[in-house]
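Please read them with the coordinates open.

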Amino acid sequence: MDARKKENLGYKRAFLDLGKQPLANGFLKTEEEFGKEFFFNLGISFAEEVGLVTLSEYVDPPKMFHENYAYVASQSQTMKAHFKKLAEQLKSSFSLNSTSRVLEIGSNDGIFIGLFRDSVSTAVEPCGNFARLTEELGIKTFSEFWSKELSEKLVEERGRQDIIFAANCMCHIPSIVEAFEAVSAAISDEGVFIFEDPTLLHVLQRGSYDQFYDEHAHIFSLTALKQLLTIAGLKVFHVENLDVHGGSMRLYASKASSSHKINPSVDDQLLLEKFYGLGHFSTYEFFAEKVHASKRLLVKLISSVRDRGIPVVAYGATSKSTTVFNFCEIGSGEVECIFDTTPGKQGTFSPGVHIPVKEYTQEWFRHFPKTPFAFLGAWNFVNEIKSKEAAFLASEGAFFTHVPYVSIL
Ligand code: TMP
């Protein structure tokens with residue numbers, strides 16, 4: 001299905017062109033695959049009618065979310081602790097028990113829904129590899145994309161839900177209005193829809209343009225979400241800002257007719273977004289100028305480090321770094337290799353620019369005659385990484401980043 005035919009967001013005004021990009025998680029196993037790689041134009045637009053920042057063109061979801069989907073949520077200790085804390089919070093705040101119906105949309109490997117095995121839990125996970133893992137946890141799993149049809153089937157088979165949860169999933173869905181309508185149809189009268197995704201305010205404040213890639217169809221603001229949820233018959237009653245995934249926002253929503261009282265956090269966030277100018281196109285034009293300046297500075301920094309005979313590598317083969325390397329045209333001529341802890345990425349070539357991805361060992365930097373400088377692909381884990389890499393930093397190594405501006409840490 002062509003995703004573009006299904007969206008309904010009104011006129012979209014482009015403000016940033018991040019150029020020809022591959023799939024952010026499309027790591028290549030062999031050099032023979034180089035010529036067959038899929039590319040699309042990564043343009044970012046502002047849909048003024050609904051206030052949403054969204055890709056100008058979407059990649060069809062089955063191209064990205066399939067049997068070999070690479071992102072494994074449970075690999076991160078930070079994310080495991082994050083979901084455990086949330087599960088405990090929800091159980092006590094909403095008095096959940098063994099008869100409560102809990103649904104997760106985009107369950108990945110069951111990192112969150114696996115904590116609700118003592119409730120009537122259900123998962124939706126289009127990636128077959130992960131759907132099987134959730135099923136193995138004893139959770140009824142629908143291996144399909146979230147849609148109105150699936151929502152109807154789910155209500156018939158599993159009833160209307162008390163809790164619907166989605167983490168880093170709603171921003172993946174091009175036809176977002178339909179997705180929220182499907183939530184509205186599946187939730188009970190007093191049920192709560194909780195979802196969290198990277199947030200626009202953090203992207204603008206941190207200059208983290210690398211949050212834009214194929215899988216992130218939208219980067220949400222509360223201003224946009226309030227409008228989109230209202231169309232779907234839902235209301236937001238509480239908002240929390242989170243530090244995970246480079247800056248995220250968690251929303252609590254329910255049916256517009258429910259008795260949930262709207263918390264002051266909603267107006268506070270809306271005001272903050274208004275002060276930052278999120279409703280004005282000029283805010284995005286200014287951001288685009290900063291992104292182009294960031295590209296020039298990053299390219300300059302890498303070439304001056306290399307001119308001093310210092311090798312340059314990258315740390316963390318992240319989806320975000322795919323955007324940076326392709327936009328800035330940084331390839332294996334500039335960055336020798338990327339070190340990464342994920343076994344599935346090791347021994348591959350990075351998407352588009354084909355930098356070799358190598359196995360992370362504790363003494364990864366000893367592979368070079370001179371201690372390298374390392375581009376921090378996983379900048380959102382900067383504190384965790386800096387404390388883990390004390391030996392690297394002590395041996396004259398340095399990390400550099402583009403967030404919030406191009407600098408050596
Ligand atoms: P993602 O941001 O696209 O989810 O990718 C994160 C990648 O970063 C993942 O492949 C693991 C890698 N990584 C490391 O190699 N070392 C680290 O210390 C951290 C935090 C992540």
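**Notes on the predicted model**

1. The largest cavity has a volume of about 40 Å³. A cavity is a set of points, on a 1 Å grid over the protein atoms alone, where a 1.4 Å probe fits but cannot get out. Grid points are joined across faces, edges and corners, and a volume is the space filled by probe spheres set on the points. When the whole structure is searched, one cavity of 30 Å³ or more is found.

2. On the basis of these notes: this is a predicted model, in which local features need pLDDT of at least 70 and side-chain atom pairs count only at pLDDT 80 or more, while totals for chains, interfaces and linings use all residues. Residues are numbered from 1 along each chain as its sequence is written, and side-chain values use heavy atoms, with hydrogens and water left out.

3. Which residues line the largest cavity? They are Phe195, Glu196, Asp197, Pro198, Thr199, Phe220, Leu225, Met249 and Leu251, where a lining residue has an atom within 4 Å of a point. The elements giving two or more residues to this lining are β8 (187–198) and β11 (248–255). Strand β8 supplies the largest share, four residues. Helices (H or I, at least four residues) and strands (E, at least two) are DSSP runs, numbered from the N terminus. By class, the lining of the largest cavity has six nonpolar, one polar and two charged residues. Here Ala, Val, Leu, Ile, Met, Phe, Trp, Tyr, Cys and Pro count as nonpolar, Asp, Glu, Lys and Arg as charged, and the others, Gly among them, as polar.

4. The chain is divided into domain 1 (63–279) and domain 2 (298–408), with bounds that come from an automatic or database domain assignment. Their C-alpha centres lie 32 Å apart. Domain 1 gives 14 residues to the contact and domain 2 gives 15 residues, contact meaning heavy atoms within 4.5 Å.

5. The second largest pocket holds about 610 Å³ of space. A pocket is an open set of points with protein on both sides within 12 Å along at least five of seven lines. It is lined by 25 residues, and the closest to its centre are Asn25, Gly26, Phe27, His66 and Asn68. The lining of the second largest pocket divides into 10 nonpolar, seven polar and eight charged residues. Because domain 1 and domain 2 both give residues to this lining, the second largest pocket lies between them.

6. Helix α5 (residues 148–158) packs with helix α6 (residues 176–186) at an angle of about 10°, and their axes are 8 Å apart. Axes are lines fitted to C-alpha atoms, for helices over the stretch in contact, and angles run from 0 to 180 degrees between N-to-C directions. The helices α5 and α6 are therefore roughly parallel to each other, the class for angles under 35 degrees. In this contact Lys148, Ser151, Leu154 and Val155 of α5 meet Glu178, Glu181, Ala182, Ala185 and Ala186 of α6. The contact has five nonpolar, one polar and three charged residues.

7. Helix α8 (residues 222–231) and helix α9 (residues 264–275) cross at roughly 125°, their axes coming within 9 Å. They are therefore oblique to each other, the class left after roughly parallel, roughly antiparallel (over 145) and roughly perpendicular (65 to 115). Leu222, Thr223 and Lys226 in α8 meet Val266, Gln269, Leu270 and Glu273 in α9.

8. Backbone points to check follow. Most residues other than glycine have a negative phi, and most peptide bonds are trans. Glu329, which is not a glycine, has a positive phi of about 55°; Glu329 is in the loop between α11 (319–327) and β13. The peptide bond from Val403 to Pro404 is cis, with omega near 0°, and Pro404 lies in the loop between β16 (398–401) and β17 (407–408).
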